[in-house]
Amino acid sequence: RMTVPVVLMVAEKPSIAQSIAVILSKGKHHTRKGLSAACSVHEFDGTFQNSPAHYRITSVIGHVYSTDFLPQYQSWETVDPATLFDAPTKKDEANAKAHVCKHLQKEAKGADYLVLWLDCDREGENICFEVIANVRPHMERNK
């Protein structure tokens, strides 16, 4: 049996993912819980680029990561603000208990295409790159 391409769509928040699924599937999708309790996954069969495809639509819950200075740079009393321009930063999962990174990585398995539904502003662009960083390494189908 030939497999159809999988289109993974990621929205900025769960309500947008659900609306996209309802509209694109004409209400004929099924919903399951994702690895992140906050982010459901909506699935249906349809067409993509004029060919049959399976859609998997999910979301993040805003930013995937938070960026902060290392602890030694976080005191307003002891740190000269001018040193912050060159100070190292660290990225942590924005909401570690939500497991959004693992959720995205799991949903990316077997996906052939990634479509991002994020706001067209600097924040949305930043979230796009956070999603891509989690999804792209896991997209290739197991061959």
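Arg32 is partly exposed, with a relative accessible area of 26%. Its salt-bridge partner is Glu43, and their closest N and O atoms are 2.8 Å apart. Glu43, by contrast, is buried, at a relative accessible area of 10%. Keep in mind that this is a predicted model.

**Salt bridges**
- Glu43 sits in strand S3 (residues 40-48) and Arg32 in strand S2 (residues 30-33), so their pairing ties together parts that are 11 residues apart in sequence.
- Glu107 pairs with Lys106, with 4.0 Å between the closest N and O atoms.
- Glu107 is buried, with a relative accessible area of 2%, while Lys106 is partly exposed at 43%.
- Shared partners link Arg32, Glu43, Arg56, Lys106 and Glu107 into one salt-bridge network.
- Lys90 and Asp92 form another salt bridge, 2.8 Å from N to O; Lys90 is partly exposed at 29%, and Asp92 is partly exposed at 35%.
- The whole structure holds 6 salt bridges.

**Nonpolar cores**
- The largest nonpolar core contains 17 residues, and Val60, Val64, Leu104, Val131 and Val135 have the most contacts inside it.
- Strand S1 (6-11), helix H2 (100-108) and helix H3 (122-139) each supply at least two of its residues, with H3 giving the most, 5 residues.
- Beyond its neighbours within four places in sequence, Val64 contacts residues including Val100, Cys101, Leu104 and Val131.
- A second, separate core has 11 residues, among them Ala17, Ile20, Phe48 and Ala53.

**A look at Phe69**
- Phe69 belongs to strand S5 (residues 65-69) and is partly exposed, at 25% relative accessible area.
- Phe69 and Thr89 are 20 residues apart in sequence, yet their C-alpha atoms are 4.4 Å apart in space.
- Leaving out residues up to four places away in sequence, Phe69 touches Gln74, Leu84, Ala87, Pro88, Thr89 and Lys90.

Conventions: Residues are numbered from 1 along each chain as its sequence is written. This is a predicted model: local features need pLDDT of at least 70, side-chain atom pairs count only at pLDDT 80 or more; totals for chains, interfaces and linings use all residues. Side-chain values use heavy atoms; hydrogens and water are left out. A nonpolar core is a set of buried Ala, Val, Leu, Ile, Met, Phe, Trp, Tyr and Cys residues joined through side-chain atoms within 4.5 Å. Buried means under 20% relative accessible area, exposed over 50%, partly exposed in between (1.4 Å probe, protein chains only). Helices (H or I, at least four residues) and strands (E, at least two) are DSSP runs, numbered from the N terminus. Contact means heavy atoms within 4.5 Å. A salt bridge is a side-chain nitrogen of Lys or Arg within 4 Å of a carboxyl oxygen of Asp or Glu.
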